[in-house]
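Here are my notes on the model you asked me to look over. Have it open while you read.

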Amino acid sequence: MASEPGWVPPEEHTRRANAARVYDYLLGGTDNFLADQDVARALIALEPSARAIAQANRAFLGRAVRFLAGAGIAQFLDIGSGIPTQGNVHEIAQQVSPDTRVVYADVDPIVIAHSKALLSGHQNAAIVEADLHEPAEILAHPDIGRLIDFSQPVGLLLVSVVHFLADQNDPWGIVASLRDGLAPGSYLVLSHGTSEGKPEVIKAVENVYNANVSTSAHARSRAEILRFFDGFSLVDPGLVYIPEWRPDEPGDQPARPAPGQPGQPGPGQFGNMAGVAQKP
């Protein structure tokens, strides 16, 4: 975008890259600015699969929502929802059940402005301003409570957002507080950047990202990511790289090269792990 359009809140600083807008650019969206594009291009230079990773993460979200909707989940809370793009949660879930209720929560003014425009007139979908750092406030938010009945099973979506919580903010405690507020039968859907697979590239990407984007990202090990599901039962195939989580077709999953043999990048090249788990 060459200029700042009217929907940008006046307090928003578009000259500094923003996590939601960098992700939007990698997904092929247009709701981003030069600062976001510059960072995204720098990430692509370090990790040529950056666009494919963003797209695979978005595809995982769609598959997980369809799975939960098929399992009877009729209400979703999507925290850190990002700028609306194709295949939004309410669109996917309401294809299965038109009465499904969806609340998006984000702290970014541009995300909120876009989402309000998209959801205008929707009775069963809404966007609220809420900060993942404050889980108690999220669970008690009156606008969330208008659509989400926490005494009934909920699909809690934390897709590509928890890695923006630094260790000193106790991300495991934050996610635990959200898990504890869910009724039995609820599901947690989570994807997270990982340092496994190719740690040197991930570290370089993390350094560039954190030097230029307003919200820092923190890749974690598989063991650290697994802790976010404590007390919940992971559904098959467990915690895996994002293309490996229930691909729509077997061919959608990148093949793992044979040991010592060259080949196309395998699942581990996608830099994010994902899982879906249910509360007993």
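**Notes on the model**

1. Starting with a helix pair: the axes of α2 and α9 come within 10 Å and cross at roughly 170°. Axes here are lines fitted to C-alpha atoms, for helices over the stretch in contact, and angles run from 0 to 180 degrees between N-to-C directions. That makes α2 and α9 roughly antiparallel to each other (angles under 35 degrees count as roughly parallel, over 145 as roughly antiparallel, 65 to 115 as roughly perpendicular and the rest as oblique). Val39, Ala42, Leu43 and Leu46 of α2 meet Val201, Ala204, Val205, Val208, Tyr209 and Asn212 of α9, where a contact means heavy atoms within 4.5 Å. The residues of this contact split into nine nonpolar, one polar and no charged. For that sorting, Ala, Val, Leu, Ile, Met, Phe, Trp, Tyr, Cys and Pro count as nonpolar, Asp, Glu, Lys and Arg as charged, and the others, Gly among them, as polar.

2. Before going further, some ground rules. This is a predicted model, in which local features need pLDDT of at least 70, side-chain atom pairs count only at pLDDT 80 or more, and totals for chains, interfaces and linings use all residues. Residues are numbered from 1 along each chain as its sequence is written, and side-chain values use heavy atoms, with hydrogens and water left out.

3. Now the overall picture. The chain's secondary structure comes to ten helices and eight strands; helices (H or I, at least four residues) and strands (E, at least two) are DSSP runs, numbered from the N terminus. Of the 280 residues in the chain, 52% are buried, with buried meaning under 20% relative accessible area, exposed over 50%, and partly exposed in between (1.4 Å probe, protein chains only). Among contacts between residues at least 6 apart in sequence, 73% join residues at least 24 apart. The accessible surface comes to about 12500 Å², and 51% of it belongs to carbon and sulfur atoms; these areas come from the Shrake-Rupley method with a 1.4 Å probe, and for residues only the protein chains shown count as cover.

4. α1 packs on helix α3 (residues 50-70) at an angle of about 100°, with the axes 8 Å apart, so α1 is roughly perpendicular to α3. On the α1 side, Tyr23, Tyr25 and Leu26 meet Ala50, Arg51, Ala54, Gln55, Asn57 and Arg58 of α3. This contact divides into five nonpolar, two polar and two charged residues.

5. How many salt bridges are there? The count comes to six, taking a salt bridge as a side-chain nitrogen of Lys or Arg within 4 Å of a carboxyl oxygen of Asp or Glu. In one of them, aspartate 36 pairs with arginine 21, with the closest N and O atoms 2.7 Å apart. Aspartate 36 lies in helix α2 (residues 34-46) and arginine 21 in helix α1 (residues 19-26), so the pair ties together parts that are 15 residues apart in sequence. Both aspartate 36 and arginine 21 are buried.

6. Two other salt bridges to check. Aspartate 167 and arginine 220 meet at 2.8 Å, N to O, and they link distant parts of the chain: the loop between β4 (155-159) and α8 (171-180), and the loop between α9 (199-212) and α10 (222-226), 53 residues apart. Aspartate 167 is partly exposed at 44% relative accessible area, whereas arginine 220 is buried at 2%. Glutamate 206 and lysine 203 meet at 3.6 Å, N to O; both lie in helix α9, three residues apart, about one turn of the helix.

7. Is α8 enclosed or open? Seven of its ten residues are buried, so α8 is largely enclosed by the rest of the structure. The buried ones are Pro171, Trp172, Ile174, Val175, Ala176, Leu178 and Arg179. Their cover includes β1 (75-79), α6 (135-140), β4, β5 (187-193) and α10.

8. Last, a loop residue. Serine 160 sits between β4 and α8 and counts as buried at 19% relative accessibility. Leaving aside neighbours within four places in sequence, serine 160 is in contact with Asn57 and Ser191.
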